[in-house]
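Student: I have a new model open and would like to go through it with you. Could we begin with the overall fold and then turn to the details?

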Amino acid sequence: MQIRNKYLSAAWKLLASAAGTLGILLQCGVFSGKPDFSVLNYFTLMSNVLCAVYFLCAAVQLLRGRPAFWKRAKGALLLCILVTGLVYHFMLHGRFEMQGTLFWSNTLLHYVVPVMSLLDWLLFDEKGAYSWRDPFLWLLAPTVYFIYVVVRVHFGAILGPYGSPYPYFFMDAETLGWGLVLAINLGLLAGFLLLGLLLTAVDKALARVGRSCAAGSQRI
């Protein structure tokens, strides 16, 4: 059932925005005195920046008594942040040593914000907003990111750790070759699509349950 308390919803969104903002600041080293904003080139950071901004704006919107905005666009944001968490957990976790503030920033960005974003959608969003074509449109986000990385690296940018041009090992065409890189990233794109279709299916199923419950309460 959807929770319709706007103050509870706004508070949850503000917490999600705060968690994302803190994780971003920690990851960028703002509190260390030696900030490194190059980490904003990571998909993780980009998706968390978008989440932090969206949830802050959505909370303000709610508290001003205005309806939720960009419902379908939020689906793309939710998809991106969920993939951020899933890819980190299953493909990147353990590849780097995490200590101190880096441990906390990775926990916030890869676990706390994705889980809070999913729960925000499940608990507070009105269901039935997504169509079956939306997951295909949501693929624009990872596609644009892949093109962004390829173009930046082509022109000499260093986007990855330890001097690597690529932010993620599965995008490193110089080491893996373009054939394998394209195959891996097409597989990730397929994963995006399947997860998007799953979100849409759940959205539609919950909308049907909500309508059934509403019809049942009217008959009583």
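Student: How many helices and strands does the protein have?

Tutor: The protein has 8 helices and 0 strands. Please keep in mind that this is a predicted model.

Student: In what order do the elements run from the N terminus on?

Tutor: The order is α-α-α-α-α-α-α-α.

Student: What radius of gyration does the protein have, and what would a compact globule have?

Tutor: The radius of gyration of the protein is 19 Å. A compact globule with 220 residues would have a value near 17 Å, so the two agree. Along the principal axes, the C-alpha atoms fill a box of roughly 65 × 40 × 30 Å.

Student: What share of the residues is buried?

Tutor: Buried residues account for 42% of the 220 residues. As for the surface, the protein exposes about 12,200 Å², and 70% of that area is supplied by carbon and sulfur atoms.

Student: And what share of the contacts comes from residues 24 or more positions apart?

Tutor: Such residues account for 72% of the contacts that have a separation of 6 or more.

Student: Let us move to α1. What span should this helix have?

Tutor: Helix α1 covers residues 6–27, which is 22 residues, and at 1.5 Å a residue it should span 32 Å. Its end C-alpha atoms lie 31 Å apart, which agrees with that expectation.

Student: What is found at the start of α1?

Tutor: There, a side-chain oxygen of N5 comes to within 2.9 Å of the backbone nitrogen of Y7. Beyond the helix, α1 is followed by G29, which has a positive phi near 70 degrees.

Student: Which residues of α1 are buried?

Tutor: Among them are S9, A10, K13, A16 and S17.

Student: Is D120 buried or exposed?

Tutor: D120 counts as buried because its relative accessibility is 0%, and K13 is buried too.

Student: Why does K74 count as buried?

Tutor: The cut-off for buried is under 20% relative accessible area, and K74 counts as buried because its relative accessibility is 6%.

Student: Where does D125 come in?

Tutor: The side chain of D125 meets that of K74 in a salt bridge, 2.9 Å from N to O. D125 lies in the loop between α4 and α5 (134–138) and K74 in helix α3, so this pair ties together parts that are 51 residues apart in sequence. D125 is buried, as is K74.

Student: How many salt bridges does the count come to?

Tutor: The count comes to 3. K13, K74, D120 and D125 are linked in a network of salt bridges.

Methods. Residues are numbered from 1 along each chain as its sequence is written. This is a predicted model: local features need pLDDT of at least 70, side-chain atom pairs count only at pLDDT 80 or more; totals for chains, interfaces and linings use all residues. Side-chain values use heavy atoms; hydrogens and water are left out. Helices (H or I, at least four residues) and strands (E, at least two) are DSSP runs, numbered from the N terminus. The expected span of a helix is 1.5 Å times one less than its number of residues. Buried means under 20% relative accessible area, exposed over 50%, partly exposed in between (1.4 Å probe, protein chains only). A polar contact is a pair of N or O atoms within 3.5 Å; within protein, one must be able to donate a hydrogen and the other to accept it, and residues adjacent in sequence count only if both atoms are side-chain atoms. The radius of gyration is taken over C-alpha atoms; the globule rule is 2.2 Å times the number of residues to the power 0.38. Contact means heavy atoms within 4.5 Å. Accessible areas come from the Shrake-Rupley method with a 1.4 Å probe; for residues, only the protein chains shown count as cover. A salt bridge is a side-chain nitrogen of Lys or Arg within 4 Å of a carboxyl oxygen of Asp or Glu.
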